[in-house]
Amino acid sequence: MQQPGKTSQTEQERNVAIVLAMWEGVIRNGDREAALRYVHPDYIQHNVNMPSGRDALLRLADIVKDPPEGFPVPGYKTVLYTMAQDDRVIVIWDQPQRDPENPEETYVGQAFDMFRLEDGLIVEHWDDTRKTKPWM
């Protein structure tokens with residue numbers, strides 16, 4: 001018997017699949033349909049560089065799909081691990097980063113994103129973001 005407030009393993013696996021499908025669609029491929037399918041319209045963003053709301057992810061998908069001239073395209077994010085507990089999914093990934101002391105060099109940095117899901121949609125996001133220049 002499942003305890004009240006606990007999410008079944010099946011639901012956790014489903015949540016991971018939703019997050020990874022959104023990740024593949026929006027973050028890697030710039031697919032607006034993935035944002036519409038997997039993200040709630042009132043999505044809450046805890047990243048100081050991004051506004052809340054699904055519309056911001058739609059704009060991000062457009063930038064990924066067709067980067068503006070001069071836009072520094074980030075390195076490819078490789079998912080290393082996913083973890084799920086209750087209604088949250090954490091994705092740990094690595095990505096080549098420019099070395100701030102030697103901009104011609106890169107290093108592999110690891111980071112995370114955490115998502116909260118409700119009724120099969122991503123409703124909230126956290127990550128380890130540092131404030132950057134506005135891009136939207």
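I began with Trp23, which counts as buried at 3% relative accessibility (buried is under 20% relative accessible area, exposed over 50%, partly exposed in between, with a 1.4 Å probe and protein chains only). Trp93 also counts as buried, at 6%.

I noted the ground rules: this is a predicted model, where local features need pLDDT of at least 70, side-chain atom pairs count only at pLDDT 80 or more, and totals for chains, interfaces and linings use all residues. Residues are numbered from 1 along each chain as its sequence is written, and side-chain values use heavy atoms, without hydrogens and water.

Next I searched the whole structure for aromatic pairs and found 1 (ring centres of Phe, Tyr or the six-membered ring of Trp within 6.5 Å; planes under 30 degrees apart are stacked, over 60 edge-to-face, the rest tilted). The ring centres of Trp23 and Trp93 are 6.2 Å apart and the planes stand at 55°, so the pair is tilted. Trp23 is in helix H1 (residues 9-28) and Trp93 in strand E3, so the pair ties together parts 70 residues apart in sequence (DSSP runs numbered from the N terminus: helices, H or I, of at least four residues, strands, E, of at least two).

I then checked for a charge at Trp93. Lys77 lies over its face, 4.2 Å from the ring centre (NZ of Lys or CZ of Arg within 6 Å of the centre and within 35 degrees of the ring normal).

Last, I followed E3. Strand E2 (residues 78-85) pairs with E3 in the antiparallel sense over 7 bridges (pairing needs at least two DSSP bridges). Ala84 stands opposite Val89. The two strands form a hairpin with 2 residues between them, and Asp86 in the turn has a positive phi of about 50°.
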